[in-house]
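Here is my note on the model, in numbered points.

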Amino acid sequence: MLPDRISPITITDIPIGPELAIVVPTFNESGNVEELVARLCGALQGLAFEIIVVDDDSPDGTAEAVRRIGAGDMRVRCLQRVGRRGLSGAVIEGMLASTAPVVAVIDGDLQHDETLLPQMYAELRRDDLDLVVASRYVSGGSVGDWSDARHQGSKLATRLARRLTGVTLHDPMSGFFMLRSDALRARARGLSGVGYKLLLDILATPGPALSFRELPYRFQARQQGESKLDTKVLLEYIELLLAKTVGRYVPVKFVMFSLVGALGLLVHMAVLGILFKKTGVGFSTAQTIATLVAMTANFFVNNIFTYFDRRLRGWKLLPGWLSFCAASSVGALANVGVAVYLFQSFETVWYLSALAGVIVGATWNYAVTALYTWK
Ligand code: GDD
Ligand code: MN
């Protein structure tokens, strides 16, 4: 039973929902959110819009700053995620949280040109498009004053993405775009959600074909706070590309793990060759040392590459290394066992026997270390 003071709402008092939602991912952007919201409200005048800031519990109090703004403006709210990090994941959740039929994403650091939003919306509606992307790489757009290294890196990543996923956009790496909510929902369960590149993720996820257009804009320099793009973001990008290509057939981590394994084989051969051929150490000693070196190298490379997202540090490296070596030893036995069995009992050709052994050994190593070393 409601208290008397509150009069029941009649249906005519309820305003209609927003036609456009702007999702803003933030991590430590307290110095930017007020200005951004003011600019968005200015740019979107006349539209029924809402702004959803998705903050990953920034230590600088971004979420609190957004709630203060929201307390005075119903169109603004904060989705605060605790204990989680990740740009793409944040944006997906923000977009799914809205009832608006059209959703957009824009960075929270004022680097994207918000005055482009009305045009993006108008063209999407008028021409019945599924997706409109603000692009740095169509005529009229630019990256502004990026360092040469970052510019080259971005171009390389773009070429790689286009080649591997068959995406035809000029700027599939853009972090500034607008799409129909139903197009997103249709793909939501297929998204990988890791890393920075949600647009590429959406484009490379199977679903109904998307009609799109790119509009040029100039990427602005950051005034407040700092970029969160680091090596982790780079590794997440590699993981996303793998997920969208070979990931349809085998787990991505397994692919990364196997790449490292191939590298380990080279390490093994190099160490063995040097010890046995150049220093006169006996074969069995050389082979034992080479095995240990290769296993150790594999452990550390997997720790920084394959499992960058759950990297072991400090004293945890010791049990990690031990469990890795134990698992690999059993894996090696299984490898040899299977290969010899196939070769001797079924007269399978030597290389197929060997290949089967390697696959069994690698799968075993991957499964066991995923369970015990990097749980
Ligand atoms: N919620 C959340 N969680 N937000 C994040 C996280 C996170 O883990 N990491 C970064 N952000 C927010 C930042 O606060 C900022 O608002 C926005 O995401 C972009 O992050 P930056 O670190 O500033 O990225 P950038 O400027 O180097 O690159 C951006 O622009 C490129 C060009 O459009 C990104 O949007 C790239 O994806 C994009 O390619
Ligand atoms: Mn930025």
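1. A backbone N or O atom of Gly86 sits 2.9 Å from an oxygen atom of ligand 1. Keep in mind that this is a predicted model.

2. Two further polar contacts deserve a look. Pro25 also uses a backbone N or O atom, 2.9 Å from an oxygen atom of ligand 1. Lys197 instead brings a polar side-chain atom, 2.8 Å from an oxygen atom of ligand 1. On its own, ligand 1 has 740 Å² of accessible area, and the protein covers 99% of that.

3. How many residues surround ligand 1? The count is 28, and the closest are Glu29, Asp56, Arg85, Met173 and Lys228. By class, the shell holds ten nonpolar, eight polar and ten charged residues.

4. Two elements to check in the shell are strand 1 (20-26) and helix 3 (87-96). Each supplies at least two residues of the shell around ligand 1.

5. Turn now to helix 8 (residues 231-244). Its 14 residues, at 1.5 Å a residue, should span 20 Å. The end C-alpha atoms of helix 8 are 20 Å apart, which agrees.

6. Which residues of helix 8 are buried? They are Val233, Leu235, Glu236, Tyr237, Glu239, Leu240, Leu241, Leu242 and Lys244. Note that Glu236, Glu239 and Lys244 are on this list.

7. The packing partners of helix 8 can be named. Its buried residues pack against helix 5 (148-165), helix 7 (198-203), helix 9 (252-278) and helix 10 (283-304).

Key: Residues are numbered from 1 along each chain as its sequence is written. Chains are lettered from A and ligands numbered from 1 in the order in which they are written. This is a predicted model: local features need pLDDT of at least 70, side-chain atom pairs count only at pLDDT 80 or more; totals for chains, interfaces and linings use all residues. Side-chain values use heavy atoms; hydrogens and water are left out. Helices (H or I, at least four residues) and strands (E, at least two) are DSSP runs, numbered from the N terminus. The expected span of a helix is 1.5 Å times one less than its number of residues. Buried means under 20% relative accessible area, exposed over 50%, partly exposed in between (1.4 Å probe, protein chains only). Contact means heavy atoms within 4.5 Å. A residue is near a molecule or strand if one of its heavy atoms lies within 4 Å of it. A polar contact is a pair of N or O atoms within 3.5 Å; within protein, one must be able to donate a hydrogen and the other to accept it, and residues adjacent in sequence count only if both atoms are side-chain atoms. Accessible areas come from the Shrake-Rupley method with a 1.4 Å probe; for residues, only the protein chains shown count as cover. Ala, Val, Leu, Ile, Met, Phe, Trp, Tyr, Cys and Pro count as nonpolar, Asp, Glu, Lys and Arg as charged, and the others, Gly among them, as polar.
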